[in-house]
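Here are a few notes to go with your first look at this one. Have the chain open while you read.

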Amino acid sequence: MLARQTVEPPAPSTDTLVEFCSQHVSEKRTFVVFRRGSCVVVDEPCADPLAEARKKLAACAEAEARFVPEPTSEGDLIITFKEPVFHRFTQEELRMLEPWLEQVAPTLLSPAESVAAVDGWSPHQNAKVGLLARRRMLEDASQSVPVKIIRAKNRATASR
């Protein structure tokens, strides 16, 4: 247990994620941000966005969950999963994480991936960030601690 504590990077900035998601919310799209940085897109109308977000997280929660790292034109990196679940890393976070990821990337592989990896193999830098995002997504799926539900302020409600 102690070894894991020494290899964890700083927690993601959920304030930055909430700000980012707030800029992209619409009457048809709500965001739920979880403690370890998972952002889940929930289609509106939705009676219970948190329950829907938890379902989407659970659907992604596989030890070898595939992910796609996508650099943005601003230099950030978005890691997406099979459901509308993503992690966003800013340029600053990427610079801060790079030395840490260089040292611990192999520990972020699933057991099956570790067995399949050839000695001395190292994933691409974006894939290393994806492995960290996957670990955080799995933690969010198992603990499901929401930080913020971001809905459009002028979202219409049915009056029937």
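1. Start at the turn: Gly-37 takes a positive phi near 100° in the hairpin of β1 and β2, which has 4 residues between the strands. Strands here are DSSP runs (E, at least two residues), numbered from the N terminus.

2. A word on the source: this is a predicted model, where local features need pLDDT of at least 70, side-chain atom pairs count only at pLDDT 80 or more, and totals for chains, interfaces and linings use all residues. Residues are numbered from 1 along each chain as its sequence is written, and side-chain values use heavy atoms, with hydrogens and water left out.

3. Now the strands themselves. β1 (residues 29-34) pairs with β2 in the antiparallel sense over 5 bridges; pairing takes at least two DSSP bridges between two strands. Val-33 has Cys-39 of β2 as its bridge partner.

4. Is β2 (residues 39-43) enclosed or open? It is largely enclosed by the rest of the structure, because 4 of its 5 residues are buried (under 20% relative accessible area, 1.4 Å probe, protein chains only).6.

Definitions and conventions. Buried < 20%, exposed > 50% of the residue type's maximum accessible area, 1.4 Å probe, protein only.
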